[in-house]
Amino acid sequence: MIVSLVSFSILILLSACSDQPADKTYVIKFSHVTSANTPKGLAADLFRQKVEERLNGKVVVEVYPSSQLMNDDDSIEALAFNEIQMTAVSASKYNRYTKKLQVFDLPFIFNDMAAVGRFFEHPEGQKLLTILEDKGFTGLGFWPNGLKQLSANTPLIVPADAEGLKFRIQESDVLEAQFLAVNANPQKLAFSEVYQALQVGTIDGQDNTWSNIYSEKFYEVQDHITETNHNMLVYVWMVNTEFWQGLPQDTRSELTLIVDEVNAAIMAMAIEVNDGDRAKIFEKDPDKFIELSAAQLAQWRAAMKPVWDQFRDEIGEELITAALESNNP
Ligand code: LMR
């Protein structure tokens with residue numbers, strides 16, 4: 001009798017300590033700006049699907065693609081206030097919060113997707129996932145999209161061809177400096193506004209991955225695409241820290257397993273989507289493609305590379321060294 005009274009009291013005490021009822025449903029609003037059939041769209045959906053299969057309705061993920069809910073800048077703010085719980089905004093757009101993530105924007109720093117994949121695993125890369133915790137963001141992983149290409153209505157073969165042209169860029173000082181380095185005129189613009197700006201001619205060109213050029217139909221309003229592979233487009237998968245820490249332990253453990261599975265799957269998906277979208281654009285209009293010779297590509301590298309020195313102190317030598325080391329298998 002005494003024993004059962006004690007266990008009953010413990011039970012009462014335990015339920016009083018837990019601040020959430022056992023049957024509480026947690027909703028994760030995940031807002032992003034690309035369409036569902038992009039590397040990011042597929043990864044967000046894979047996460048949603050796995051949560052649906054494994055969390056028995058305890059956690060519900062609502063994915064809002066294509067800037068349906070908001071643009072990237074607003075989503076970073078909404079994440080800080082827990083109005084949405086997850087985003088995967090490109091590293092470039094955290095410029096206002098940290099300079100460190102700009103390492104991903106340095107022109108020509110990563111040779112290929114395998115290199116950036118190694119950097120994600122590097123201790124210096126891993127450290128980047130926690131640098132915004134004091135702002136309320138916990139990094140769950142890096143998601144690659146791919147290497148970026150340049151497009152315009154006039155052929156871009158050597159850096160001098162970019163002179164005076166207005167290029168849309170993301171919110172990033174490094175990207176701004178990179179276009180200034182080739183005497184172009186960079187314009188910061190939200191992703192959802194790029195198609196129209198190209199169409200009406202308020203900008204002359206842009207740079208993005210094959211996946212974004214295809215899914216946003218930028219190729220329809222650009223006469224030439226030059227295969228430069230000059231930048232890497234990387235997202236940081238973020239969750240609101242308070243929301244994440246407030247989840248019951250067992251729920252967070254299961255979600256962490258799912259997070260790891262999605263992180264492990266994204267690289268192959270990103271490569272496949274970008275290769276496929278490149279091929280689709282090529283099929284539609286092979287004449288749009290400009291492939292550069294090694295000597296021409298070397299000119300773009302030489303023109304843009306001085307940007308590294310401009311940002312070396314802000315980003316930190318250790319991160320740049322780690323990124324360069326990642327080019328070696
Ligand atoms: C861009 O603004 O070009 C990209 O960050 C969009 C995206 O999320 O891929």
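This section describes the ligand site, the cavities and the pockets of a predicted model.

Local features need pLDDT of at least 70, side-chain atom pairs count only at pLDDT 80 or more, and totals for chains, interfaces and linings use all residues. Residues are numbered from 1 along each chain as its sequence is written, and side-chain values use heavy atoms, with hydrogens and water left out.

The shell consists of Val 33, Thr 34, Lys 40, Ser 90, Lys 93, Arg 168, Gln 170, Phe 191, Asn 208, Asn 212, Leu 233 and Tyr 235. By class, 4 of these residues are nonpolar, 5 are polar and 3 are charged. In this scheme Ala, Val, Leu, Ile, Met, Phe, Trp, Tyr, Cys and Pro count as nonpolar, Asp, Glu, Lys and Arg as charged, and the others, Gly among them, as polar.

A polar side-chain atom of Tyr 235 lies 2.4 Å from a ligand oxygen. For Lys 93, the distance from a polar side-chain atom to a ligand oxygen is 2.7 Å. For Asn 208, the corresponding distance is 2.8 Å. The protein covers 100% of the 270 Å² of accessible area that the ligand has on its own. Accessible areas come from the Shrake-Rupley method with a 1.4 Å probe.

A cavity is a set of points where a 1.4 Å probe fits but cannot get out. A pocket is an open set with protein on both sides within 12 Å along at least five of seven lines. Lining residues have an atom within 4 Å of a point. Points are joined across faces, edges and corners, and a volume is the space filled by probe spheres set on them.

The whole structure holds 2 cavities of 30 Å³ or more. The largest cavity has about 90 Å³ of space. Of its 13 lining residues, Lys 93, Gln 170, Phe 191, Asn 212 and Leu 233 are the closest to its centre. Its lining has 4 nonpolar, 5 polar and 4 charged residues. The ligand sits in this largest cavity, meaning that more than half of its atoms lie within 2 Å of the cavity's grid points.

The second largest cavity has a volume of about 30 Å³. Its lining includes Phe 104, Leu 106, Phe 108 and His 230. That lining has 7 nonpolar and 3 polar residues, with no charged ones.

The largest pocket has a volume of about 310 Å³. It is lined by 18 residues, and the closest to its centre are Glu 121, Gln 126, Gly 141, Phe 142 and Asn 263. Helix H4 (113-121), strand S4 (137-152) and helix H10 (249-284) each supply at least two lining residues. Helices (H or I, at least four residues) and strands (E, at least two) are DSSP runs, numbered from the N terminus. H10 gives the most, with 7 residues. The lining divides into 10 nonpolar, 6 polar and 2 charged residues.

The second largest pocket has a volume of about 170 Å³. Among its lining residues are Met 113, Trp 210, Glu 227 and Arg 278. S4 and H10 each supply at least two lining residues. The largest share, 4 residues, comes from H10. By class, the lining has 4 nonpolar, 4 polar and 3 charged residues.

How values were computed. Near = heavy atom within 4 Å. Polar contact = N/O pair within 3.5 Å; in protein donor to acceptor, adjacent residues only side chain to side chain. 1 Å grid on protein atoms, 1.4 Å probe; cavity = no way out; pocket = protein on both sides within 12 Å on 5 of 7 lines; lining within 4 Å.
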